[in-house]
Amino acid sequence: MTFGVMDPMRRVHIVSSVRARLATVGADPQDDEQTRQRKELLVLTSVLILPIAVVWGSLYLIFGSPVGYVPFAYAAILLGAIIAFARTRNFALLLRVSLVDILLAPTLSMVPLGGFLPSGGVGLWGSLAPVGALVFSGPRAGLRWYFAYLAVFVTSGVAGQIVGPLSAVPEWFTSTMLGLNVAVGGSIVFILIATFLRQRDRAMDALAREQERSEQLLLNVLPSEIAVRLKASESPIADAYEDATVLFADIVGSTTLAERLDAKHLVALLNRIFSHLDLLAEAHGVEKIRTIGDNYMCVAGVPGRRADHAQAMARMALGICGYLDELHAAGEDRIDFRIGMNSGPCVGGVIGLRKFVFDIWGDSVNTASRMESHGVPGRIHLSDATYELIRDEFDCEPRGMIEVKGKGPMRTWFLVRERRTHAESARPRVAAGH
């Protein structure tokens, strides 16, 4: 074991602990992440400069220069501002005091030291004022402070050359202080900017993640084509679709089911069933429109137009029946569906200002709803319009003429199965376990 050498992990832990403590100075629970980071960065930079000011002042006093009192005065003012900030949480006051302090103390010291070169470059520390303003207040404030720094720096340097040094210090000391002021002052500037950029990168990463989550949430609510147009501020969004197929699926006996189950278990059961229907819709390229209570509504051919909209929806309907067969085989005999389908023109879009929902309207939608409400549990009820589109690929059973509310007599059909020649190549797989 080597004595006198601190373990690197322990050093990292100590530094992290110190930074964590500094981060609490002036902290407000109501601060957002950006405000918290700005406070932490300003306090960290101020605390780093404090011991440097004490060392600088001590060196000048040791060599007999009364200018050494200036860094001590600077440190006292800055320490008082930090203490006040810890109590009042007034970030604007701390920033203003810090910028004025670092602007005036080192640059005005150039006057009694004799100007630009005899001062050993101490005035370079004043450049922290415009850099700090740039980091904490933005480009416009940084530019104002930059011009102020140039004015004070040049004026103090020229005045120092005219007045001359109040006391002589060794030439080697002036040369050494020039090197230290450039090296240490430059290091503080680098640390300030590097920390700021790291905080900014973290903020940008967090913003990117938040935007991605928002994007995913938007795509869960709206079709991707519609989401793009909505983000482009298009309003209202409405398109006519000449060919589409609409499906309604309604749970039979839901009132009895609600009486047998408490609300939590009922919602869990509906979630499990409709989640599987969502997977079926995704697998068949069908757009889910909404669920209302125990009713599921979807459309094929909207908003992405496709020639095989009726075939895709027929496979979706058969997939629902296949899933119900699986539920019944597993002992879940409480669930059954009435399924209705119709094909024809409709209008799809987004209306309103709040809680955007993509919806479809038109007589074809109403007819699909009638196919469901006049249907038979466990069967897929088709209008004649849908039958004409799928009859070459699917087996259908005629139901005959029935009286449909609001429509009068209509010829309808029951979808039975997809013909084997088409079924193997067309039907996608849906992930198991849902």
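Of the 434 residues in the protein chain, 42% are buried. Please bear in mind throughout that this is a predicted model. The chain holds 15 helices and eight strands. It exposes about 23400 Å², and carbon and sulfur atoms supply 60% of that area. As for contacts between residues at least 6 apart in sequence, 70% join residues at least 24 apart.

The largest nonpolar core has 42 residues, and the members that touch the most others are Tyr 74, Leu 94, Trp 125, Leu 128 and Phe 136. Several helices supply at least two residues each, including H3 (69-88), H4 (91-108) and H8 (171-221). Helix H2 gives the most, with nine residues. Which residues does Leu 94 contact, leaving aside its neighbours within four places in sequence? They are Leu 42, Val 43, Ala 81, Ile 82 and Phe 85. There is also a second, separate core of 39 residues, with Ala 249, Ile 273, Ile 339 and Leu 415 among them.

Leu 166 lies in the loop between H7 and H8. Because its relative accessible area is 61%, above the 50% cut-off, Leu 166 counts as exposed.

Next, the hairpin. Strand E2 (residues 287-292) and strand E3 (residues 295-300) run antiparallel and are joined by five bridges. Thr 291 stands opposite Tyr 296 in E3. Two residues separate the strands, and Gly 293 in the turn has a positive phi of about 65°.

Finally, the charged pairs. The count of salt bridges comes to 19. One of them joins Arg 338 to Asp 250, with the closest N and O atoms 3.6 Å apart. This pair links strand E4 (residues 337-350) with strand E1 (residues 237-251), its two residues being 88 apart in the chain. Is Asp 250 buried or exposed? At 12% relative accessibility, Asp 250 is buried, because the limit for that class is under 20%.

A further salt bridge brings Asp 278 and Lys 288 together at 3.3 Å, N to O. Asp 278 belongs to helix H11 (residues 263-284) and Lys 288 to strand E2. Asp 278 is partly exposed at 28%, and Lys 288 is partly exposed at 32%. Asp 308 and Arg 306 also form a salt bridge, at 2.8 Å. Lastly, salt bridges with shared partners join Asp 384, Glu 388, Arg 391 and Arg 411 into one network.

Notes
Residues numbered from 1 in each chain as written. Predicted model: local features only at pLDDT ≥ 70, side-chain atom pairs only at ≥ 80, totals over all residues. Heavy atoms only, no water. Core = buried A, V, L, I, M, F, W, Y, C linked by side-chain atoms within 4.5 Å. Buried < 20%, exposed > 50% of the residue type's maximum accessible area, 1.4 Å probe, protein only. Helix = DSSP H or I, 4+ residues; strand = E, 2+ residues; numbered from the N terminus. Contact = heavy atoms within 4.5 Å. Areas by Shrake-Rupley, 256 points an atom, 1.4 Å probe, with all protein chains shown as cover. Pairing = 2+ DSSP bridges. Salt bridge = Lys/Arg side-chain N within 4 Å of Asp/Glu carboxyl O.
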